[in-house]
Amino acid sequence: MKAPRTATAAASPPVPALPPERCLAKTRKLPNDRTTRGRTVEDHCRIAGAVAACLAARYEAILPGLLPPGADIPARLHDIGKAYPPFQAKLYEKIEGDAWRQMPELAKADMAQDGQIGGHAAVSRACLAALGAPAALARIVGAHHARTISNMAESALNGGPHWQALRHQICRRLLGEPTRWPDIAPRHERMLCGLTITADWIASGPLFDDPAEDWHPLVER
């Protein structure tokens, strides 16, 4: 008679995470209509943060004190939730077809799950909440697609511990260590959400498509 399986034996091992340099925020269409890799999550977040800082500086010149210090931080962190298996599987499928299923980091990804949990913005919110970010900051990144998303506890739905560690690593690279969270007053929350949405829209435009091009001189344009 076989021994009963223990809970430990039955549990699946944690899913490994992609390294940051392979964690994509975008795909890119080439002139021959082939789809290839676009900006990474980290690069896209840096661009959006830089655009938000540029916009905030222009607002400050017109209406001093309209936005708080660190107004660019929500935009800088808005898409860290794209670092999770279902979203990465969607992008890699566009680039490589079914070959993504052979990647150990994505082999168990269920792309249908992305819509069920609220998409990558919900993962961004859950990640920041788990890292102890202010609730207002987590709400802003969770709503950067202009819809309110309920909070979620960290779980296997977000890829498990290795993927959360990856998101934390990207967050540290974007903000530095130790993390200094912005102080967001209630009166600023809606404005910062609007700033984040606008910065994301600009940073997602064709000007920043080519990951081989230095994006820094393009921000002012």
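Buried means under 20% relative accessible area, exposed means over 50%, and partly exposed lies in between (1.4 Å probe, protein chains only). With that in hand, let's work through some exercises.

This is a predicted model, in which local features need pLDDT of at least 70, side-chain atom pairs count only at pLDDT 80 or more, and totals for chains, interfaces and linings use all residues. Residues are numbered from 1 along each chain as its sequence is written, and side-chain values use heavy atoms, with hydrogens and water left out.

**Exercise 1. Getting an overview**

Find how many helices and strands the protein has, and the order in which they run.

Step 1. Elements are DSSP runs numbered from the N terminus: helices are H or I with at least four residues, strands are E with at least two.

Step 2. The protein has 9 helices and 2 strands. From the N terminus on, the order is α-β-β-α-α-α-α-α-α-α-α.

Step 3. Now check the confidence, using pLDDT, the predictor's confidence in each residue on a scale from 0 to 100. The average is 87, and 89% of the residues score at least 70. Residues 1–10 have a pLDDT below 50, and this stretch has 1 contact in the model beyond near neighbours in sequence. Contact here means heavy atoms within 4.5 Å.

Step 4. Of the 221 residues, 46% count as buried. Among contacts with a separation of 6 or more, 73% join residues 24 or more positions apart.

**Exercise 2. Glycine 160 and asparagine 158**

Decide whether glycine 160 is buried or exposed, then do the case of asparagine 158.

Step 1. Locate glycine 160: it lies in the loop between helix 7 and helix 8. Asparagine 158 is also found in the loop between helix 7 and helix 8.

Step 2. Apply the cut-off. Glycine 160 has a relative accessible area of 9%, so it is buried. Asparagine 158, at 2%, is buried as well.

Step 3. Glycine 160 and alanine 17 are 143 residues apart along the chain, with their C-alpha atoms separated by 9.0 Å. For asparagine 158 and valine 123, 35 residues apart along the chain, the C-alpha separation is 6.5 Å.

**Exercise 3. The largest nonpolar core**

Work out which residues touch the most other members of the largest nonpolar core, and which helix gives the most to it.

Step 1. A nonpolar core is a set of buried Ala, Val, Leu, Ile, Met, Phe, Trp, Tyr and Cys residues joined through side-chain atoms within 4.5 Å.

Step 2. The largest one has 57 residues, and Leu77, Leu128 and Leu137 touch the most other members. Helices 2 (41–62), 3 (73–77), 4 (85–96), 6 (119–130), 7 (135–142), 8 (161–175) and 9 (186–203) each supply at least two residues. Helix 2 gives the most, with 9 residues.

Step 3. Take leucine 77 as an example. Leaving aside neighbours within four places in sequence, leucine 77 is in contact with Cys45, Ser124, Leu128, Leu137, Val141, Cys171, Leu174, Leu175 and Trp181.

**Exercise 4. Helix 6 against helix 8**

Describe how the axes of helix 6 and helix 8 cross, and which residues meet.

Step 1. Axes are lines fitted to C-alpha atoms, for helices over the stretch in contact, and angles run from 0 to 180 degrees between N-to-C directions. The two axes come within 10 Å and cross at roughly 80°.

Step 2. Angles under 35 degrees count as roughly parallel, over 145 as roughly antiparallel, 65 to 115 as roughly perpendicular and the rest as oblique. Helix 6 and helix 8 are therefore roughly perpendicular to each other.

Step 3. Val123, Cys127, Leu128 and Ala130 in helix 6 meet Gln164, Arg167 and Cys171 in helix 8. By class, this contact has 5 nonpolar, 1 polar and 1 charged residues. In this scheme, Ala, Val, Leu, Ile, Met, Phe, Trp, Tyr, Cys and Pro count as nonpolar, Asp, Glu, Lys and Arg as charged, and the others, Gly among them, as polar.
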